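Thanks for making time this morning. I would like to walk you through some backbone features, so please keep the sequence and the structure in view while I talk.

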Amino acid sequence: MEFQKLKIKDLILFKPNKIEDHRGSFQESYNQINFNKIVGKNIEFVQDNFSVSNKGVFRGIHFQKKPYEQGKLVRVSLGRVIDFAVDLRKNSPTYLQWEKVELSDDNRFQLWIPEGFGHAFITLEENTTVIYVVSQVYSFENEGGAKFDDKMLKIDWPINPTVLSDKDQKWPSIEERMEEFDNRFKDF
């Protein structure tokens, strides 16, 4: 498996090797020993999430607050997304910066998003299926989010989201919650 460290520290794009022959294809999508060696710490995944969305659906920008912060390994099994990771680590030199990558059933890439990041994606095809495993269980009380069009983030969306949940439309801006962000993510 190949990997690429992205410009924001700790974000890693995994590029599984695909073996093809007359029967179809095979790939190893995850190997805990290799994964932990590459990310530089022992990660155990405790929850597996699966979503199916139509074209133009936006999900995010989500994160979990301490003590339920989550690392995520994200991949697409059907369709295409542009996946975004937003650095919310207060002490990071890339605080409030973001990365985007295309994940698809064709490229089979996986994005590692460690704790302290917000996560979002927008679907580019109908019936896109996103699978992500996380390092901490979901906690409703510790859920957080930011608006997709937050002025402080200046995210360059490839298409305008056409479908958002009520919750994702109502997140307060980062500016409105700066003190909370400063306190919640200063230790990352």
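Let me begin with Leu96, which is found in the loop between strand S8 (80–87) and S9. Please bear in mind that this is a predicted model. Although Leu96 is not a glycine, its phi is positive, at about 70 degrees. Is this residue, Leu96, buried or exposed? With a relative accessibility of 12%, Leu96 counts as buried, since the cut-off for that label is under 20% relative accessible area.

Asp10 is another non-glycine residue with a positive phi, here of about 85 degrees, and it sits in the loop between strand S1 (2–5) and strand S2 (12–15). Asp10 is partly exposed, its relative accessible area being 34%.

Turning to the sheet, we have five strands that form an open arrangement in the order S9-S8-S11-S6-S13, with antiparallel pairing. Strand S9 (98–104) and strand S13 (143–145) are the edge strands, each of which pairs on one side only. On average, and with direction ignored, neighbouring strands of this sheet are turned by 25 degrees against each other.

Within that sheet, strand S6 (residues 58–64) pairs with S13 in the antiparallel sense over three bridges, and His62 stands opposite Gly145 in S13. Ile61 also lies in strand S6, and the peptide bond that joins Gly60 and Ile61 is cis, with omega about -10 degrees.

Finally, a cis peptide bond joins Lys66 and Pro67, with omega about 5 degrees; Pro67 is found in the loop between S6 and strand S7 (72–78).

Note on methods
Residues numbered from 1 in each chain as written. Predicted model: local features only at pLDDT ≥ 70, side-chain atom pairs only at ≥ 80, totals over all residues. Heavy atoms only, no water. Pairing = 2+ DSSP bridges. Helix = DSSP H or I, 4+ residues; strand = E, 2+ residues; numbered from the N terminus. Axes fitted to C-alpha atoms, helices over the stretch in contact; angles between N-to-C directions. Buried < 20%, exposed > 50% of the residue type's maximum accessible area, 1.4 Å probe, protein only.
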